[in-house]
Amino acid sequence: MMLRAILFLLAVLVSLQSHAATRIKDVASVQGVRDNQLIGYGLVMGLQGTGDTLRNSQFTEQSLQSMLDRMGVNVRDINLRTRNVAAVIVTADLPAFVGSGSRIDVTVTSMGDATSLKGGTLMLTALQGGDGQVYAVAQGAIAVSGFSAQGQAETLTSGVATAGRIPNGALIEREVQGGFNAMGPLAFELKNPDYKTATLITDAINLYAQQRYGVRVASPRDFRTVLLQKPKNVAATRFIAELGDLEIRPDTPARIVVDQRTGTVVIGKNVQISTVAITHGALTIRVTETPEVSQPDPFSMGQTVVVPRTQITAAEERVPLAIVRGADLQTLVKGLNQMGLKPSDVIAILQAVKTAGALQAELVIQ
């Protein structure tokens, strides 16, 4: 029943997609407009005895001593035993064209033997980019969704208690060099590269530009990139905004994605299958052990022994031979539904059909 519901929902979505258009901004992005990754090392304070063990995590002790030294507290000759401190790695994504003074979210992850970061506060941490420059500083209370409780005989854990987030926890201190107007030639980069989709985007943009500006502004460079020529007296931001709202019907490759771990099967709308006869049965072998105790007669000087008794039965289901004439997705889904197959059976059949050369699509197995 679950497989039938999934395949029916997939068929409905594909049917709706065939009649609905998609905006260009949803299938392509402006080339060069991207985030930058930041990373930093810091300390989390205020943990309720769930921090790092300083003897096991020497980097935590050294970091704590260095921080206190900068604050004028000399603890070099003191044996620290606190469990309220944890060394963490702080990561964040720096959005494109973000200005100084803006705030972004950060992720905090423990790197020592701390058991939980719940209730902790991140101390002032510098976040660096790939060029070694500091672009933001992070500080604040950590929000942890998981928890961990441990007793003498049982441990209860839910989620991940050694990782959390700080919403708006980082303050931007440095802007990335270059702006939108300094990017050079404008171009749309397809999220799912395809020759036909790139051509559809080009035609839609040129049709709009011919009516609005009187010139053609788009040309496909390859199956991934569509080059744009901004008309004069038009701001780049407005130009991209207008083009991004144009609608097309993107083409999708004939592809079937199979996840053997979860039993998930996703079938694209352009998948075709030649006429094949399919049968799929199961052979069940059951081995039952029922040992019996053999008791000797009285005064026979015999021994009591265990006598093995094994019963083996074999049963094979009778499955009719089904003919699947799949010219499109709907026919393929209907044929598989009529056979009443489980997800694991569907995966095995698709692999066999692909080997037989009757599946006219790419089979991706994860």
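Colleague: What makes a residue one that Val106 touches?
Modeller: Contact means heavy atoms within 4.5 Å. By that criterion, and not counting residues up to four places away in sequence, Val106 touches Val90, Thr91, Ala92, Leu127, Ala138, Gly164, Arg165, Ile166, Gly169 and Ala170. This is a predicted model, in which local features need pLDDT of at least 70 and side-chain atom pairs count only at pLDDT 80 or more, while totals for chains, interfaces and linings use all residues. Residues are numbered from 1 along each chain as its sequence is written, and side-chain values use heavy atoms, with hydrogens and water left out.

Colleague: What is meant by the largest nonpolar core?
Modeller: A nonpolar core is a set of buried Ala, Val, Leu, Ile, Met, Phe, Trp, Tyr and Cys residues joined through side-chain atoms within 4.5 Å. Buried means under 20% relative accessible area (1.4 Å probe, protein chains only). The largest such set has 24 residues, and Val106 is among those with the most contacts inside it. Strand β4 gives the most to this core, with five residues; strands here are DSSP runs of E, at least two residues, numbered from the N terminus.

Colleague: Why is β11 called largely enclosed?
Modeller: Four of its five residues are buried, so the rest of the structure largely encloses β11.

Colleague: How do you know that β11 pairs with β13?
Modeller: Pairing requires that DSSP finds at least two bridges between two strands. Four bridges join β11 to β13, and the two run antiparallel.

Notes: Buried < 20%, exposed > 50% of the residue type's maximum accessible area, 1.4 Å probe, protein only.
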